[in-house]
Amino acid sequence: MTDMAAPDVPPASNIGPDAIEGRSLWQDAWRRLMRNKAAVASLIILGLIAFFSVFGPYALAWTYDQIDWDHVEAVPPSLALKHYLGTDSVGRDLLARTLFGGRVSLTVGLLATSVALFIGVTVGAVSGYLGGKVDQLLMRFVDLMYSVPLTFFVIILMVLFGRNFILMFLAIGSVEWLTMARIVRGQTLTLKHREFMEAARASGGSTASILIRHVVPNVLGVVIVYVTLTIPQVILLESFLSFLGLGVQEPMTSWGVLINEGAAELEITPRTLIVPAVFMTATLFCLNFLGDGLRDALDPKDR
Amino acid sequence: MTAPLLQVKDLKVHFPVRTGGVVIGRYQALRAVDGVSFDLAPGETLGIVGESGCGKTTLGRAVLQLLPVTSGAVTWLGQEMTGLGAAAVKAAREHMQIVFQDPLASLDPRMTAGDIIAEPLRNYHPELSRAEVTRRVGELMEQVGLLPAMVNRYPHEFSGGQCQRIGIARAMILKPKLVICDEPVSALDVSVRAQVVNLLKDLQKTFGLAMLFISHDLAVVRHISDRVLVLYLGKAMELATRESLYQAPRHPYTRALMSAVPIPDPVKERAKPRIILAGDLPSPLDPPSGCVFRTRCPKATAVCAAKEPVRETSAHGHDVWCHHWRE
C-alpha cells in the first residue's frame, strides 16, 4: 500500500494550473456518458424521433386529421398519393398520424415523468432524511393517494375542471410520484446513517444543502433506472385513459391510441399496428439504454 | 493556566432503548455517557481511552452536538452549547471539526476529493470565489501530504491512509480551534498509522489547535496526548497528565489496561505481570450499583457496591474515581 502518490503521477510542481482545475460529478458523468456507445446511439435516435415528431408533420402533404375523401379506406403505401406509409381505415395519412401521436406521447411521457420525478424525489428525500413526524405525515399521505383508484381520480378531476390536456399530466404525475417517493425514501434511510452524512452535518451543512449535495446524487442511480421504467408506463397509461375517453380525443391521437386502433385491424392492415409500434418500441428501447448509460455514468466507481 | 477552550461538566448521554416484547415493550435508558467532566485548554491534546462500548465515540459526538445531550453542560469558549438553536450550533461548529474512524465511509462516494475538502469552506464562507477555494484546497492538500493534482479523484481511488488525509484536510480547512479525532488511525495499517499520527501532531503545531483524541490504542494516545482520560462504561475512571498516568496509574482499571499493552521485547513481555479482568463488560442498560467497575475489579469491597466513588485529586492534578486508589 502506497500512502503517498503513485509513482506514475508527476510531482506537484510539474503540473500547470489547468491540470488541477476542479471538475464536478456532472462534468465527469457527461464525459463517461459520451464514451458509452449504446447510450450515445440511443440519444441520437431519441433526438431524431423527437425532431421528426415536432417538425415532421409540417413537411408532409397531409395533416393528421385530414381525411383523403377520394380514398376513404385503407390505402396501401403510395408515393403518388403522398401517403408514404398508407392510410388508416378512414383514409387518414398514417405517417402524419404517427408523427403527431409522437408529439403527444413524448410530451406526456416526459412531462408527467418529470413531474413525478420532481415531486417524488423531493418528498422521498425530505421524508427519509427528516424522519419522525414529517416522515409519518408524508408517508401516510402517500398511502392515502395509493388507495384512490386512478380512473376514479381522473373522472373527478375531469368533472371539476373540464376536459383538459394539462389535467392528464396532473393525473398521471400525481399517481407516478408515489412509488418514486417510496423508493427515494428507502434509499435515503440507508444513506442517512452513513458516516459521510454525519461528516456533512459536522462541517456545517444545512438540511437543504445536505439533501442537494449528498442525498440526491447518491440516490440518482436507482432513480434513473426507475425513470426509464416509468416513461413507458406513463405512455401506456395515457393510451388507457384515452381509451376510456378521458385522455386525448379524436381526431387527436397518440402512439397508445394508434396501437390500440391498429391492434383491432391487425388482420386486415397490419401496418396500422406496426408503424406506431416500431416508433414506440424504438423510443422505449433507447430510453432503457440511455437510463443504463446514465446510471453507470453517475457512478464514479464505474469508470 | 489560560481560560479553557472547552468545558464539559457532568455530561450525560442516554439513548432510549426498547426492551422486552414487541407489543408490551418499554423504553430503558442506555447510559452511553454518564456524568463525564473535563476541561480542555487551547492547543492541548486530551486522549480518551477505554474499551469498546465505553462511550468514547458518543462523548466526541456529544461535544459537537451531533447527538442530543441528556443532561450536563458543554461550554465552548464560555458559551453554553446545549440547548442552543441550530444556527448558533452551526456557528460554533465552525471552530470545532471532527475526523472520523472509517476513512472511506466518511467521504461521500460521489464527490471528488477537492469538493469534499472544500465543503466546510463553502458552507461557512459562500462568499469566497471559486479560485480562492481552489487555492486553499490545493494548499491544504499539500500540507496533509496529498498531491494537489488529485482533486478530481473520487474516494474509492485512494488508499485508506490517503482517504484519512482527505478527512483530516476537510477538518482543517476552516482552521478550527478544536478537532475531535474519533479513532482516526484504528482502521489504518500500522505502517500508515504512524504517518497519520505524526501528520496530526504537525498540523496541531502549525494551526495551534486543541484535540480530543479518542482511541483504544494506548501507545498512540501516549504518543500524542498531553492529558489522558480513562473511561469505563460511560464514566470517568482516571484523568491525569500523560506522564503521571503512564508511569503511575492509580485506578485498578487503568492498571489492567496498561498491563495489557505488549512490550516489544519477548523476555520482558513474558516476565511482565498481567492483570486479567474477569468477566464481561456489564450492560450499560443496567450498570452495577456504586462503582461501575466493581464487578470486574480485583480490589472491590463492600463499599464499592454501596457508594459511587467521587473525584479524588492527588498530587500533580491526578484525578481518580476509586475508593481504593491509595492501596
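I took helices (H or I, at least four residues) and strands (E, at least two) as DSSP runs, numbered from the N terminus. I am working on a predicted model, in which local features need pLDDT of at least 70, side-chain atom pairs count only at pLDDT 80 or more, and totals for chains, interfaces and linings use all residues. Residues are numbered from 1 along each chain as its sequence is written, while chains are lettered from A and ligands numbered from 1 in the order in which they are written.

Chain A, elements. I read α-α-α-α-α-α-α-α-α-α from the N terminus on, that is, ten helices and zero strands.

Chain A, dimensions. I noted a radius of gyration of 24 Å, whereas a compact globule of 303 residues would have one near 19 Å. That radius is taken over C-alpha atoms, and the globule rule is 2.2 Å times the number of residues to the power 0.38. The C-alpha trace of chain A spans about 80 × 50 × 30 Å along its principal axes.

Confidence. I found ipTM 0.82 and pTM 0.81 for the model.

Interface. I counted a pair as in contact if the C-beta atoms, placed from the backbone, lie within 7 Å. Chain B gives 40 residues and chain A gives 29 residues. On the chain B side, α2 (86-93), β6 (96-99), α3 (113-124), α4 (130-143), α5 (160-172) and α6 (190-207) each supply at least two residues.

Technical notes. Two residues are in contact if their C-beta atoms, placed from the backbone, lie within 7 Å.
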